[in-house]
Amino acid sequence: MHLLLKDKRVLVSEFGLCLNRKSAIRRELSLRKYSYKWKNVDSLFIIVFSTRTCCIIFVIVGLKSSDYINALIIVDVQNCFITGNLALVTSPAHEDGAEVVPIINKLIQTVSFDVIVYTHDWHPPDHISFFENLQYRRQYLEGDQNKTIHMFDNVTYSGPKFKTVQVLWPTHCIQGTDDAALHKDLIVSSSKNNTIHIYKGIDPDIDSYSAFWDNEKHQKTELDAMLNEWRVTRVFVAGLATDYCVVATAVDAKDLNYTTYFVEDACRGVDNATIAAKKEDMKNRGIVFIQSNQVKALIDSASYNQIHFTLMISFSIFSFIL
Ligand code: VGL
Ligand code: ZN
């Protein structure tokens, strides 16, 4: 009879942690998800029990886990907002969208997010948000349909599908173009298991700043359902542009009951006055402001090592028998 123990952890305290029912349930749920992620295996116990007639091998896997499941949401880090048709450097705040790329890359490389979401502003050529398409949509304008309207003006369209207030942007992020591609230096996680891509603003007749909903909340993207499938509890929002798609995504995440962090130094925006107003709004809604260099410590501090409840019971029973 042999007992090979490959870890010197205090098993009794692990057992105690497992008695916390809520966390035991979460382990049950996350075991399925973690089972193929070997980087999450924190400790391994191998017990070999043999008699003359048979040999039983027990393998007990300790999983690195926590009560929080964390997602990084990288909003619209696309050429159009950096060097393209809607480059932020040419907008009133003169912020440089490219500056978020190394900051977000460092987050991806150093923090073990459970899920990484990339959002893409992804418009068809006849999209409602383009100033150049105003000429085809004048009949839906509310008020004087012949009035002079400029680029970046706010207009209200009463149709064709929905009534909506719309800023008229220059044509940008047309589906499949280089303008709509993610910045070439942005690290794009290739893992199919925990990487989500959300394409928004795809309906010609409604814009979508948020990665969760269109601007009038008529249609939901699949993001909330996918985060729920992953049992995500906390989201960290970063990217472009602070005062439009980033804030809209963060506000919806908060409304959908995710604990929401706005990674302040990993965002760039369009206009200083709107950036300030939207930041104030986010604070009032309980969205937490964090700097990118604080994220790793926050996530690591919530992590602890635990062995799955049922395996722990098997181990205890087995050691008792031995
Ligand atoms: C955005 C303006 C138009 C953004 C998208 O990503 O913030 N801004 N479309
Ligand atoms: Zn857009």
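Me: How many salt bridges does the count come to?

Reply: In this predicted model, the count comes to 14 salt bridges, where a side-chain nitrogen of Lys or Arg has to lie within 4 Å of a carboxyl oxygen of Asp or Glu.

Me: What makes Lys-161 and Asp-205 a salt bridge?

Reply: The closest N and O atoms of Lys-161 and Asp-205 are 3.7 Å apart, and the cut-off is within 4 Å, so the pair counts as a salt bridge. The two residues come from distant parts of the chain, 44 residues apart, with Lys-161 in the loop between strand S5 and strand S6 and Asp-205 in the loop between strand S7 and helix H5.

Me: Why is Asp-205 called buried, and why is Lys-161 called partly exposed?

Reply: Asp-205 has a relative accessible area of 12%, and buried means under 20%, so Asp-205 is buried. Lys-161 stands at 46%, which lies between the limits of 20% and 50%, and therefore counts as partly exposed.

Me: What makes Lys-184 exposed, and how is Asp-185 classed?

Reply: Lys-184 has a relative accessible area of 72%, and exposed means over 50%, so Lys-184 is exposed, whereas Asp-185, at 42%, counts as partly exposed. The side chains of these two residues, Asp-185 and Lys-184, meet in a salt bridge at 3.3 Å, N to O.

Me: How do you know that Lys-217 and Asp-252 tie together separate parts of the sequence?

Reply: Their side chains meet in a salt bridge with an N to O distance of 3.1 Å. Lys-217 lies in the loop between S7 and H5 while Asp-252 belongs to helix H6, so the pair ties together parts that are 35 residues apart in sequence. Asp-252, at 6% relative accessibility, counts as buried, while Lys-217, at 44%, counts as partly exposed.

Me: Which residues do salt bridges with shared partners join into one network?

Reply: Arg-137, Lys-161, Asp-203 and Asp-205 are joined into one network in this way.

Me: What makes S7 and S10 the edge strands?

Reply: The open sheet has 6 strands in the order S7-S4-S3-S8-S9-S10, with parallel pairing, and S7 and S10 are its edge strands, as each pairs on one side only. From one strand to the next, the twist averages 25 degrees.

Me: How do you know that S3 and S8 pair?

Reply: Pairing needs at least two bridges, and 6 bridges join strand S3 to strand S8, so these parallel strands pair. Among the bridge partners, Ala-71 has Val-235 in S8.

Terms used. Residues numbered from 1 in each chain as written. Chains lettered and ligands numbered in written order. Predicted model: local features only at pLDDT ≥ 70, side-chain atom pairs only at ≥ 80, totals over all residues. Heavy atoms only, no water. Helix = DSSP H or I, 4+ residues; strand = E, 2+ residues; numbered from the N terminus. Buried < 20%, exposed > 50% of the residue type's maximum accessible area, 1.4 Å probe, protein only. Axes fitted to C-alpha atoms, helices over the stretch in contact; angles between N-to-C directions.
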